[in-house]
Structure formats: C-alpha cells, structure tokens
Amino acid sequence: MTSRSLASTAAAIVLVAALASVPLFASGYHLALGISLLYFTVLATAWAMFSGPTHYISLATAAFFGIGAYTTAVLTDFLPWPVVILAAMVVGILIALVVGLSTLRLSGIYFVIFSFGLAELIRQIVTWYEVNIAGSIGRYIFADTTTEGIYWRLLALAGMVLGAGWLIRHSRLGLAVRVIGQDEMVARHCGIDTTRAKLVLFAVSAAFMTVTGAVMAPRWTYLDPMIAFSPVVSFEVVIMALFGGAGTLFGPLLGVIPLVLLFDVLGAYFPNYFSILLGLVFILIVYALPRGVVGLLQQRLPALRRAALQVKMSAPAETVMRPVWPRAAERMAAGDAPVLQLANVRKSFGGLVAVDDLSFDLKRGEILGLIGPNGSGKTTALNLISGAILPDAGEISLEGRPITLLPAHRIAQRGVARTFQLVRVLGESSCRENVIAGMAFHGPGLWGAAADARADALLARVGLGDKADTPAGQLTYIDQKRLELARALALDPDVLLLDEWLAGLNPSELQVGIALVRMLREEGLTIIIVEHVMDAIRSLCDRCVVMNTGRKIAEGPPSAVLADREVIRAYLGDADD
Ligand code: ADP
Ligand code: MG
C-alpha cells in the first residue's frame with residue numbers, strides 16, 4: 001500500500017467512525033436531521049445509479065420507497081427485522097422487473113410520466129387493498145427499533161449504495177448503461193442487450209429505494225398510503241441528484257446536504273408554499289446548473305477535469321498496418337460458402353418501399369460494393385442486415401443460419417459490425433472507452449487491462465494512437481469516422497458494413513483509408529461498402545450490387561456495372577427513362 005492510499009484509508013475510517021458516533025452525542029432534532037441526510041443520500045445515489053447514465057428521469061422513487069415502508073408495516077409483527085428488510089428488497093426487485101419490462105422501452109418524457117403514474121397507481125392499489133380487504137386505511141407500526149438503530153442502518157445502507165455504485169461504474173454493466181445513455185442504437189450494435197442492462201440496473205436501484213423505505217418505516221409509528229407514497233419524495237430526490245450532479249458517484253451527495261437543509265427550512269417556515277418553492281428550485285437547477293455542482297466544479301477547476309480524464313500522451317498518431325485481433329487465422333481457414341445471404345428482402349416505410357425484393361450473396365473474403373443514387377435503399381439494406389430494423393419479408397442468413405428476426409445485439413455478437421452513414425460516436429466517453437464498448441459484450445468479452453491494451457492497439461491501427469483519453473466528442477469529423485471503425489473492429493467481426501465511410505476524406509486520407517480497408521480484407525474480413533467515391537469502388541470492390549429505388553438493377557465487377565446503360569441512367573436520372 002502506498003502512503004497515499006494508506007492516508008485515504010485512514011481518513012475514510014475516521015470519517016465512518018465520526019458518522020457512526022453521531023447518535024452518541026446528537027439527539028432529537030439533530031439526529032432526525034442526520035437521518036434525513038442519510039436516507040436522501042441513499043435515495044438520491046440509488047436514483048442516480050440508474051438515471052444518471054441512462055438519462056431516464058424516473059419519478060418512481062416514491063413507489064419503491066412506499067412499497068418498502070408498507071412491507072415493514074405488514075411484516076414487522078411476525079418476522080425479525082433482517083428478514084423484513086430482505087423481504088422488502090425481494091418485493092422491490094420483483095416490482096421493478098415487472099415495471100421495467102413494461103416501461104423501459106418508453107423514452108424521454110413518456111418514461112417520466114409513466115414512472116410518476118406508477119407511483120400513483122401503486123398508492124391507489126394499496127389504498128384500495130387497505131380499505132376493502134384489510135378494513136382500515138392506516139397501520140400502526142410497533143417495531144422495537146430505536147431512532148439510533150434507524151440511523152445506523154441507514155448509515156450502513158449509504159455505505160452499501162456508494163459501494164455498489166462504485167462497483168457498477170467499474171463493471172461491464174456500468175459501461176453498458178453509459179453507452180445506452182449516449183446512443184442506444186450504438187449500444188445494440190456493440191452487442192449490448194439494452195433491455196437486460198437497463199432492467200438489471202433499474203432493479204438494483206429500486207432495491208436500495210425499497211430497503212430505505214423498509215428501514216425508515218418505524219420512524220412514523222403510523223403509516224398510511226399518503227405518507228408512504230408521497231410523490232414529493234420523488235421530486236425531492238430528482239432535484240437533489242441533479243443539483244449535485246447525477247453523472248458522478250458522489251454528485252448526489254453534494255446535492256443532498258444543502259437541499260435537505262434548505263427543504264427543512266422551507267418546510268418549517270413556508271409549509272403552505274412548499275410545493276411551489278420545490279418547483280422553483282427545480283427550474284432554477286435545471287437552467288442554472290444543468291450538470292450540477294460537480295459540473296460547475298469541473299468547469300471552474302480544470303485540474304479536476306484533467307484528473308478525471310487522465311490525459312496522457314502516448315504514441316504519435318500514425319496508422320499502424322498490423323493485424324490486432326485474434327480470429328483472423330480462423331477466418332481464413334473457413335470454407336467458401338457465402339458468409340451472408342439476402343433472399344427477397346423487403347422493407348417499406350408507410351407507402352414507400354425502401355428495399356424491394358433484394359437478393360444477393362456475400363462471398364467470404366470479398367469486398368462487395370453496394371452502390372446506387374441517393375435514396376436508393378443502400379443504408380436501409382445495411383440496417384436490415386445489422387438488425388437496426390426488421391424486414392417486412394424475405395430471409396437474411398449469416399454463415400447459413402437465419403438472422404432475419406434476431407435483435408441487433410445478437411447479430412453483432414454473431415460477428416456483424418458496422419459504421420453509420422452519419423457518424424455515431426459516444427461523445428462523452430473517451431476514445432478508449434468507445435472502443436472497449438465494442439469489445440466487452442461478445443464472446444467471453446474483453447475487460448480490464450487486456451481490453452485497454454487491445455483498444456489502444458486498435459486506436460493506433462486507425463491513426464488515433466495519441467487520442468485514447470480524448471473525449472470522442474472533441475474529435476474532428478474524420479477522426480470520429482476512424483474511431484467508429486475502430487469500435488466496429490473491436491467486435492472482431494466476420495462481416496464489416498461500411499456506410500460511406502470514405503466520404504469526406506481528403507485525397508491523401510482517402511488513399512490511407514483505401515489501404516486500410518484493403519488490409520482488413522487481407523486479414524480475412526468480408527466487407528460491404530456503401531460508397532459514392534468511384535475511385536474507391538474501382539480500386540477496392542471485387543463485385544458491385546447496384547440499387548435504384550430499392551431494387552437491384554445490376555450486379556457484377558465494378559468495371560462492368562459502371563459501364564451498364566441502366567446503371568448510368570439511374571445515376572444520371574435520364575429523362576427518357
Ligand atoms: P440511401 O442510403 O441509398 O441513400 P436510404 O436507405 O437511406 O437510401 O433510404 C431509402 C429510402 O427510404 C429513402 O427514400 C428514405 O427517405 C427512406 N427511408 C429510410 N429510412 C427511413 C425511415 N426510418 N422512415 C421513413 N423513410 C425512410
Ligand atoms: Mg445512405
């Protein structure tokens with residue numbers, strides 16, 4: 001252990017001891033305040049655990065908190081408290097899974113509204129049950145728990161939620177949701193099962209909220225649905241987490257401390273205007289501090305920002321022509337059955353048939369050019385292959401097995417990687433993390449030091465060797481395109497789909513790009529390029545499929561198809577056609 005980590009461990013122990021000893025000298029109002037600080041710390045940190053990375057603003061905190069409180073109210077007479085808390089956790093997780101499955105497909109404002117509605121719905125159901133089945137609206141809680149006991153349990157819970165938050169941030173699950181929050185389409189194409197990742201994290205976050213409710217319940221002695229499911233809690237938690245900064249582990253804590261105190265004062269002096277004041281605080285925070293106190297600190301203290309990004313200068317930027325993935329040999333040994341087959345594939349958007357009865361084979365190790373005028377359906381064809389969208393009819397198979405209806409993440413895991421016509425990088429993540437995203441979610445999934453090393457090798461491969469720690473959003477357009485290729489290669493794919501990847505390169509960059517694509521093929525990749533740059537098509541493609549208005553109009557070697565009368569007509573839009 002270094003002396004520095006020794007010092008921080010010692011500091012942590014002193015801090016925990018100090019916090020744990022609070023009930024020994026504080027009581028009454030001060031202890032109650034300590035309890036408020038702790039339970040909001042747990043709720044806000046748990047909230048940010050899910051909503052921070054995914055950007056799904058949840059107003060369901062009160063629902064889970066209330067479920068926890070009610071579980072205690074119902075079970076505390078029969079069971080010892082550890083079992084009650086465990087039961088609350090299980091109930092919370094089960095409800096989170098059911099709710100998550102039905103709502104996590106919703107996005108943006110729909111999710112916000114639904115999560116709010118959920119809390120109300122559960123409150124109504126509990127009220128109905130209490131009135132019609134249990135026979136009275138409220139319950140008395142006779143738990144033999146002291147205020148000090150509640151404080152200590154909450155302190156332990158706060159430690160656990162921060163610990164879990166740290167572990168998740170550094171885990172594959174954490175990476176998955178960071179990718180999802182930035183670009184769900186990219187996430188799916190990296191092999192991330194987006195539904196599962198969101199669901200798991202939603203359930204973990206809900207478990208902490210539910211347990212908080214279960215621990216807090218004895219504070220009230222008398223509990224009814226209005227108390228347990230108070231929607232104010234949901235709003236307070238969102239405000240605190242956003243104020244502190246939902247993107248970092250300790251951000252919510254920075255919001256909890258001042259705002260618990262503020263809300264305490266507002267509640268005491270202006271009880272009738274509390275909701276209005278809460279709303280005003282919320283608006284103020286969203287406008288003045290979109291990235292929270294943490295964001296402000298990072299802005300003011302560049303040193304902090306640099307530390308966060310761990311900027312380091314490494315190899316100079318140079319395109320390294322050297323294979324960096326393990327499966328190249330295996331790929332070259334494979335037979336020569338078509339790698340990918342499209343048979344009578346069709347896709348329409350409303351009345352517009354974007355891809356019409358399209359069939360072609362992709363032979364192993366070839367570069368197939370998919371060309372045609374703008375709007376002829378090339379990108380849609382790639383979207384159908386990668387699983388970004390589902391075809392209306394037809395069959396697509398990879399290595400002889402159908403992938404027609406597979407979700408995008410499964411197709412990516414089977415070895416189809418792509419870039420996007422409008423470049424899509426994860427702007428807030430470093431270049432290295434962008435590439436690791438492509439690496440961590442298929443096969444055994446590379447992680448840790450091995451993933452870092454391989455990501456750096458891939459970055460060097462595309463000429464971004466010196467940018468590993470740079471946020472992708474700060475790259476130039478061309479560098480973003482290179483990064484996207486590195487991320488696609490990180491999947492160690494058999495089939496690579498490049499959608500106008502060479503567009504916008506200057507002549508010397510174009511030569512490097514062409515050489516790179518050719519190199520990839522020599523290493524055994526099978527490639528489809530959608531391209532308008534005729535030089536690239538002529539020099540790279542073994543074969544071309546030409547599309548026009550969704551249909552295949554020609555197929556063959558580039559020299560032949562580019563001389564074809566119908567192809568020329570399609571490109572020039574001949575009037576007498
Ligand atoms: P290309 O890549 O060859 O330029 P696209 O595949 O992008 O062409 O588009 C083919 C046609 O399908 C265009 O007319 C386009 O407007 C339409 N299209 C593509 N995607 C969608 C979509 N998601 N919704 C509606 N229309 C679409
Ligand atoms: Mg296109």
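This is a predicted model: local features need pLDDT of at least 70, side-chain atom pairs count only at pLDDT 80 or more; totals for chains, interfaces and linings use all residues.
User: In which order do the four strands of the open sheet lie?
Analyst: The order is β4-β3-β6-β7, with antiparallel pairing. Because β4 (352-362) and β7 (401-402) each have a single partner strand, they stand at the edges, and one side of each is left without a neighbour in the sheet.

User: How many bridges join β3 to β4?
Analyst: Strand β3 (residues 340-349) pairs with β4 over seven bridges, in the antiparallel sense. L340 has L362 in β4 as its bridge partner. The hairpin of β3 and β4 has two residues between the strands, and there G350 takes a positive phi near 60°.

User: How many bridges join β3 to β6?
Analyst: Five bridges join these antiparallel strands. One pair to look at is R346 and its bridge partner in β6, A393. As a general idea, side chains in a regular strand alternate between the two faces of the sheet.

User: Which protein donors does the magnesium ion (ligand 2) have?
Analyst: Donors here are N, O and S atoms within 2.8 Å of the metal. T379 (OG1) and Q421 (OE1) are the protein donors of the magnesium ion, lying 2.0 to 2.1 Å from it. T379 lies in helix α18 (residues 378-386) and Q421 in the loop between β8 (416-418) and α20 (431-439), so the pair ties together parts that are 42 residues apart in sequence.

User: What is the relative accessible area of T379?
Analyst: T379 has 25% and is partly exposed. Q421, at 31% relative accessibility, also counts as partly exposed.

Definitions and conventions: Residues are numbered from 1 along each chain as its sequence is written. Chains are lettered from A and ligands numbered from 1 in the order in which they are written. Side-chain values use heavy atoms; hydrogens and water are left out. Two strands pair if DSSP finds at least two bridges between them. Donors are N, O and S atoms within 2.8 Å of the metal (3.2 Å for Na, K and Ca); water is not among the atoms, so sites may look incomplete. Buried means under 20% relative accessible area, exposed over 50%, partly exposed in between (1.4 Å probe, protein chains only).
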